[in-house]
Amino acid sequence: LTDFGTQDHYVGVMKGVILGICPDAALVDITHEVPPQDVAAAAAELAACYRYFPTGAVFLVVVDPGVGSARRPIAAEAGGFVFVAPDNGVLTAVFDEAPPSRVVTLAEDRFALRRPPGAGVTFDGRDRFAPAAAWLARGEALAAFGPAVAAPVRLEPVRMSADAAGVSGVVVRVDRFGNLITNIDRAAIERLAGGGSVEVEADGRAIGDLVRAYADAPAGAVCALVSSTGHLEVAVHGGSAAAALGLGRGSAVRVRRRA
Amino acid sequence: LTDFGTQDHYVGVMKGVILGICPDAALVDITHEVPPQDVAAAAAELAACYRYFPTGAVFLVVVDPGVGSARRPIAAEAGGFVFVAPDNGVLTAVFDEAPPSRVVTLAEDRFALRRPPGAGVTFDGRDRFAPAAAWLARGEALAAFGPAVAAPVRLEPVRMSADAAGVSGVVVRVDRFGNLITNIDRAAIERLAGGGSVEVEADGRAIGDLVRAYADAPAGAVCALVSSTGHLEVAVHGGSAAAALGLGRGSAVRVRRRA
Amino acid sequence: LTDFGTQDHYVGVMKGVILGICPDAALVDITHEVPPQDVAAAAAELAACYRYFPTGAVFLVVVDPGVGSARRPIAAEAGGFVFVAPDNGVLTAVFDEAPPSRVVTLAEDRFALRRPPGAGVTFDGRDRFAPAAAWLARGEALAAFGPAVAAPVRLEPVRMSADAAGVSGVVVRVDRFGNLITNIDRAAIERLAGGGSVEVEADGRAIGDLVRAYADAPAGAVCALVSSTGHLEVAVHGGSAAAALGLGRGSAVRVRRRA
């Protein structure tokens, strides 16, 4: 999971480095189209999918605006998985769900690539993170990589807020289809509804009732439903809610108990 | 093969699910850039390539505008391959070439993912299609997945038409290079030519004779040739025919016997 | 490494062909977004990364404006790696660094795909290059593929030039982040500096001193540093130098000894 895009050799070379260390690694791209240096977007994408991977999977997350600075490279065990990333908060949402059992700094140079003479220090993805992920995938113990990190950096989470009248949240992901996925989870909606029904508002506009699936709304209609990750989603059946409503990341969404 | 794009975690999470079930699966992306919910485009792309894969390959095709509706998830054996897809016609072109020996509904829940509590029903790619493909790749028998489907949905094919004077067809794919690939096959051209030569017209404009390869036309010239899939293709040597001619999917192309 | 993009089945079908010949091949995408038919761009991208792959890796490079013409398909051993490509100069930068120990024409049809009847000759990536790469990955000896090539085609390299006052070069790659990577290497800068300091100019505009990492420049500031491949790079900390300066491939960059 990176913000490297796919036009350059950056992702491919990291895979080359990994296969040199761990030849039988199975490599999966989550996405490389995180907006450049957008740590919060990467954190949301990772949180949406990590738990569907096989236990023991190593996640290599390189969205690293601080490359070359004093920010620490870290590795962590959490929820039965291993994560390798810069210590910039990109693992916040994972750690919220699955408190890490161990976090270490990637301090041991023997698990880093020896840069060729003359190469610069701008690509820790290749030189430090990918090799560490490969050694971890080979079974090297986390504790061998460096000293423990007591308090990894966390992003200030954008939490939904609930009161008696409703639940308020924001759009945290806009996907390829223009679906607007929020940070309001199903449990909060069910607590609010209490067996009754709810109505949804996006940026002050009424979206209407919740449907179960896109196909339950008329074609072209804006609807609200529970997303594949269990969060409130605003969508258009057969179209783009982002385009239809002119909304995006950060847009306010509210759920109200129907009177 | 999906319309999921690559900006979200959707393709990656399907691969994570597959590797959890079938750890030694070799995963190949055909493309994920099918225009959103364009079943016909996906059908054309699949038809262009499936027969080059190793016998026994499992094709996972998720272009699924009806997700969550009553449309059936199916799996099929055809031409020595296995296909997993929604029953919406996306396998039409494959079935035209290689009549399926067996088609079943994916009815057995034991081959589906148990959704985490709270997750919605909008992502059958992750929850139903990917697990089924993985179990099939592991060697599970098709018949175990559910009851037989007698008549899978088929798209109305856009066929070429031939008369004594010529063959008429349409552009069915426009590729990255701007090549315009039609549904007119080489056999139809050869029948028409009968040893003589033919001339090609695209949207009423004369393209000229057939050449064997791009390099046989002058640089920058529009030409017609037989594509890598055996169909009439309109191209520009070193450029984009789509841009040069202002044509695209659905544009009319005609081949005439030269007088 | 191709210019095929990812919207079509072209890359996927090459992988299908490879896995049919060499089922346990580990497949890595370097990039498929080389600008269409831009051999020099592909050469630069390959040169930037090949040496980080495991020894023995087979590089399949298909940027092939001459497909179907008399240009030769070749395979080469160089630097402990194997390369498969059209003989159009795309391996120039590799051969400059690692003179090839053997180059052959891919002449033997038994290592090519038997095209289905009717298929055209426009896709040597699928029909000739991918099968050859797969047979080589399986361990087939290079000499078995065809006769030796004495003088593979080379591109005229765009070299930096140095005089007593400075080193002049050009931008050879612009990456996703808008970083401008030049052909001026660190050794040339160090020879020029001779223990003193240098200043950098891009398209006549002063960029200032070299920094070690992006993070060493103020946020939003244009800076110059040594790239991950060991070349002078002009960047903006947290932004795009290409956008900020309006520069791109071919733009002139000069390093001067500070007075």
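**Exercise 1. Sort the lining of the largest pocket by residue class, then locate the pocket.**

Step 1. Sort by class. The lining of the largest pocket has 33 nonpolar, 5 polar and 9 charged residues. Ala, Val, Leu, Ile, Met, Phe, Trp, Tyr, Cys and Pro count as nonpolar; Asp, Glu, Lys and Arg count as charged; the others, Gly among them, count as polar.

Step 2. Know the model. It is predicted: local features need pLDDT of at least 70, side-chain atom pairs count only at pLDDT 80 or more, and totals for chains, interfaces and linings use all residues. Residues are numbered from 1 along each chain as its sequence is written, chains are lettered from A and ligands numbered from 1 in the order in which they are written, and side-chain values use heavy atoms, with hydrogens and water left out.

Step 3. Find the centre. Of the 47 lining residues, B:Ala25, B:Ala26, B:Leu27, B:Val28 and C:Leu19 lie nearest to it. A pocket is an open set of points on a 1 Å grid over the protein atoms alone, where a 1.4 Å probe fits, with protein on both sides within 12 Å along at least five of seven lines; lining residues have an atom within 4 Å of a point.

Step 4. Name the elements. Those giving two or more residues to the lining are α1 (10-21) of chain A, α1 (10-21), β1 (58-60) and α4 (124-137) of chain B, and α1 of chain C. Helices (H or I, at least four residues) and strands (E, at least two) are DSSP runs, numbered from the N terminus. α1(B) gives the most, with 5 residues.

Step 5. Give the volume. It is about 1400 Å³, the space filled by probe spheres set on the points, with grid points joined across faces, edges and corners.

**Exercise 2. Describe the interface of chain C and chain B.**

Step 1. Count contacts (heavy atoms within 4.5 Å). 35 residues of chain C touch 32 residues of chain B.

Step 2. Take the area. About 2700 Å² is buried, 56% of it from carbon and sulfur atoms. Buried area is the accessible area (1.4 Å probe) that two parts lose on being put together, summed over both. C:Gln7, C:His9 and C:Thr122 supply 22% of what chain C buries here, more than any other three residues.

Step 3. Check charges and polar pairs. There are 0 salt bridges between chain C and chain B. A salt bridge needs a side-chain nitrogen of Lys or Arg within 4 Å of a carboxyl oxygen of Asp or Glu. Polar contacts join 18 residue pairs (both at pLDDT 80 or more). Such a contact is a pair of N or O atoms within 3.5 Å; within protein, one must be able to donate a hydrogen and the other to accept it, and residues adjacent in sequence count only if both atoms are side-chain atoms.

Step 4. Assign the chain C side. Helix α1 (residues 10-21) of chain C gives the largest share, 8 residues.
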